[in-house]
Amino acid sequence: MIKILLVEDNPGDVRLLQEFLWDVTTAQFQLTPVERLDQTLKLLNQENFDVILLDLSLPDSQGLETFITLHHQAPAIPIIVLTGLDDENLALRAMQQGAQDYLVKGQVSGDLLVRCMRYAIERQRIEEALRQSEERFRVALKNSPIVVFNQDKELRYTWVYNASPGFINEEILGKQDLDLIAVADGQRLFDIKQRVLSTGIGIRKEVSINTAQGIRYFDLTIEPLRNEAQEVVGVTCASIDISDRKLAEEKIREQAALLDVTTDAIFVRDLDNRVIFWNKGAENLYGWLAHEAYGKTVIELLYDDEPPEVLETALLAVIKQGKWQGELTRITKSGNKVLVSSRWSVVCQEDGTPKSILTVDTDITDKKQLETQLFRAQRLESIGTLASGIAHDLNNILTPILAVSQLLPLKFPDIYSEHQHLLEILEDSARRGAELVKQVLSFARGVEGKRMTLQVKHLIREVVKIVKQTFPKSIEVCMDVASDLWTVYGDSTQLHQVLMNLCVNARDAMLDGGSLTISAENLFIDENYARMNLEAKVGPYTIITVADTGVGIPREIIERIFEPFFTTKELGKGTGLGLSTVIGIVKSHGGFVNVHSEIGLGTQFKVYLPAVQGVEIESTPQLEPLAGKGELILIVDDEPAIQEITRASLEIHNYKTLVASDGIEAIALYAQNRNKISAVLMDIMLPSLDGITAIRTLQKINPAVKIVATSGLASSSKLAEASTSNIGGFLAKPYTVKELLLTLQKVLNS
């Protein structure tokens, strides 16, 4: 039912309109007539109507004022103006003020009246819906960060809503961007919008603008504004301030950059063990790029076989306790094993439930290698100290045995041949015992020997020649030596022993045949390499490599192979001193040894010797000892057996002797026989007064005194003291009669 309010003071017109409506239908309309404006206003306060039919000429109001008053009272009700033929202009003016339509009296029919009212009601409904939509849009814009504005073809602002901070809408209207912001920013915006005007194609772009508050960032959407003829007449724009988001993104990028700077491998995985973050450190350590790692499980990336049980234990621990740390062996993309110190932490959601696991892995492969080297060096040092003590006593025991075995044939030249053979066995056994002790000493503190500048390639050729002649034919021997190989400063006999020991071990590892390769090359060790190897120093090295294709060394024993008396050979087939001698000799030359071995694939020993610049010196042939000329020799030793055998050895070769058991007695005898004694044979390790102090005392008595120092084993500090005491020579126990005579001969003739 449509309720109509008819404001008309002419009863005839009222009657006519009632009849028109009655003729059309009586079911749809309810007509309420009033004659005066004041009655109308009162009625509108009491009752609602769908449409108002208004005559502008009323007893209490005339003309356009009538409409304005009524429209102000009821702006939401559509008003149709009733006018005469001569007042049509007045009706048009009323429509300009908000009237929905007008009807000319005398030209009204029932259908026209009904259509007009329905049209008025529908138009009013549409306009109201539009007003409500606009209001909702206005409220939405008011509560949103979006700034909306239109600009004409000259890009001057014609309408603005939600102006940016610092501007109000009225200040912007009629102006261009160049009038409001910095020239560079304004020109950039002008160019972007001009492109939309010329192409008719919208664009979305992020732009930065310098403001009084600093640089601000905006998400700008620009669309062409068209008229009814679809001609581009300007642009309409929507702008959102995204500065906070940009700052947050920048902060995230900075944090990500910090994560990428660190050398640690940092990655995050969800509770299904799938990677959701992978930093540069992880790329560098494990070889997998971030896009390759995303979505894959840690098991797929870092393990080639079944994962170790510790992973399951670690996962349970980190979920239960929130963190875990330990050492893990992982596999890189290239298949290399790395040992890492791994720290895990749970990342939780806001409600405290676990969401993911953050892992930080630090590569400790080199660190562990250095620790292993340090522990091995400490262990070998301890064993060396023990071996040194044993060697000292053994040398004192073997010295008289060796001397007696050589002295008896001289004392008894007519001895039976079978007894001569027994003496040869005695001498051979004593020599073997002395060689074993010498090997122990080589391991314990190295040996000096006779050092000179020499070319290693000559030693290698000699060893290869021997090996080819003596090793089984099933072993192929190869040599690969650099043509420009640097020289080293060392003892050729000792280095020859090093190579032979390594080759013999290689032979024993290839019982069914194989390949033995001896090679040599130059290497300059830099600071980085030196940091990774405790025994290396910066400088040039000559590297000798002895490689075989034998059975390999098990991982569990490779750290023990340089220990003296450690052997994997059957009882009676090895002393366990071969590699301990190698390490002792190499260390005494200032070098070191690296070993790499794999079961079933063979073993490779690399001997690093400091290289020197110089020319190889040819060794001089050994002299034959000469008999004495009755010179008096003072023998100073605390071992009676050594005193006796040394005395006998010298006297049988035409020397005279005096014997003292300690340093005090030696000084007293020398003071009494200063002008008679030609040389002093002084043991360094003596009771009461040690040999070094006794030597210095004798030198004060007679600065020209000739002294030969002897020792079964002297500490490095004692040897250093002896070397600075201006002694004529040194004999290491056990020494042969020939060595004794040659040394004395050298000192006496100096």
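How many bridges join strand E8 to strand E9, and do these strands run parallel or antiparallel? In this predicted model, local features require pLDDT of at least 70 and side-chain atom pairs count only at pLDDT 80 or more, whereas totals for chains, interfaces and linings use all residues. Residues are numbered from 1 along each chain as its sequence is written, and side-chain values use heavy atoms, with hydrogens and water left out.

Strand E8 (residues 146-152) and strand E9 (residues 157-161) run antiparallel and are joined by four bridges. Strands are DSSP runs of E of at least two residues, helices are runs of H or I of at least four residues, and both are numbered from the N terminus; two strands pair if DSSP finds at least two bridges between them. Phe 149 has Val 160 in E9 as its bridge partner. The two strands form a hairpin with four residues between them, and Leu 155 in the turn has a positive phi of about 60°.

Leu 53 stands opposite Ile 80 in E6. Axes are lines fitted to C-alpha atoms, for helices over the stretch in contact, and angles between N-to-C directions run from 0 to 180 degrees.

Helix H3 also packs with helix H2 (residues 37-46): the two axes come within 10 Å and cross at roughly 10°. H2 and H3 are therefore roughly parallel to each other (angles under 35 degrees count as roughly parallel, over 145 as roughly antiparallel, 65 to 115 as roughly perpendicular and the rest as oblique). Contacts, defined by heavy atoms within 4.5 Å, link Leu 37, Thr 40, Leu 41, Leu 44 and Asn 45 in H2 with Thr 66, Thr 69, Leu 70 and Gln 73 in H3.

Asp 361 lies in strand E17 (residues 354-363) and is buried, with a relative accessible area of 0%. Buried denotes under 20% relative accessible area, exposed over 50%, and partly exposed in between, with a 1.4 Å probe and protein chains only. The side chain of Asp 361 makes polar contacts with the side chains of Tyr 286 at 2.7 Å and Arg 330 at 3.2 Å. A polar contact is a pair of N or O atoms within 3.5 Å; within protein, one must be able to donate a hydrogen and the other to accept it, and residues adjacent in sequence count only if both atoms are side-chain atoms. Cys 237 is buried at a relative accessible area of 2%, as is Cys 503 at 0%. With a disulfide taken as a pair of cysteine sulfur atoms within 2.5 Å, the count comes to zero disulfides.

Val 404, in helix H13 (residues 365-411), is partly exposed, with a relative accessible area of 29%.
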